[in-house]
Amino acid sequence: MIAYWSTQDTPVGAFTTVVDSEGAVLASGWTAEVADLTSVIASPLRPGTLNRHTDLGIVTKAVSRYHDGELDAVDEIPVRQKSGAFLQHAWDVLRTVPAGNPVTYSEFAVLAGRPAAVRAAASACARNAAALFVPCHRVLRIGGALGGFRWGLDVKRWLLDHESSSGHED
């Protein structure tokens, strides 16, 4: 499979996206190193060939628009991840958590239909390869502690602040 990748500057650092030939996001995150992303793509989806592009069309535009304050710009971008049924469902559920309204891991487990599966819900966040497009940064610990985030707690805090201020930078 052939995939394409691009890195763009954002207010919180370099952001790289890997998309398949149909334009679905396979992986994304706040890094300039595409290898940081290819390693988290599920093996059945991992591309054999990666081509760098300066612009990924609507995906690049959506990332820019999100960082500029249009928080729903990434919502309609297709994402392709592969795992077991619960993780697939949990990632779909994450895409319904609105910007500016983070949930706790316990609340996320309830939304995903398995209230007792808090650890599994946390695992869905940890195994999410498509950061921003599948907004795992919107899940917090009880009491509002940030918890973890593959791209660093400074990035997670910036995203949450960005979203809580309705997309207007401080």
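This is a predicted model: local features need pLDDT of at least 70, side-chain atom pairs count only at pLDDT 80 or more; totals for chains, interfaces and linings use all residues.

Me: How many salt bridges does a search of the whole structure find?
Reply: The search finds 5.

Me: What does arginine 80 pair with?
Reply: Aspartate 20. The closest N and O atoms of arginine 80 and aspartate 20 are 2.0 Å apart. This pair links distant parts of the chain, 60 residues apart. Arginine 80 sits in the loop between helix 2 (58-67) and helix 3 (85-94), and aspartate 20 is in strand 2 (residues 13-20).

Me: Is aspartate 20 buried or exposed?
Reply: Buried, because its relative accessibility is 4%, and the cut-off for buried is under 20%. Arginine 80 is partly exposed, at 31%.

Me: New topic. Which residue does arginine 138 meet in a salt bridge?
Reply: Glutamate 163, at 2.9 Å from N to O. Arginine 138 is in the loop between helix 5 (118-126) and strand 6 (139-140). Glutamate 163 is in helix 6 (residues 153-164), 25 residues apart from arginine 138.

Me: And are arginine 138 and glutamate 163 buried or exposed?
Reply: Both are buried.

Me: Where do aspartate 161 and arginine 157 lie?
Reply: Both lie in helix 6, 4 residues apart, about one turn of the helix. Aspartate 161 is partly exposed at 31%, and arginine 157 is partly exposed at 36%.

Me: Last one. Which residues do shared partners join into one network?
Reply: Asp20, Glu22 and Arg80.

Notes:
Residues are numbered from 1 along each chain as its sequence is written. Side-chain values use heavy atoms; hydrogens and water are left out. A salt bridge is a side-chain nitrogen of Lys or Arg within 4 Å of a carboxyl oxygen of Asp or Glu. Helices (H or I, at least four residues) and strands (E, at least two) are DSSP runs, numbered from the N terminus. Buried means under 20% relative accessible area, exposed over 50%, partly exposed in between (1.4 Å probe, protein chains only).
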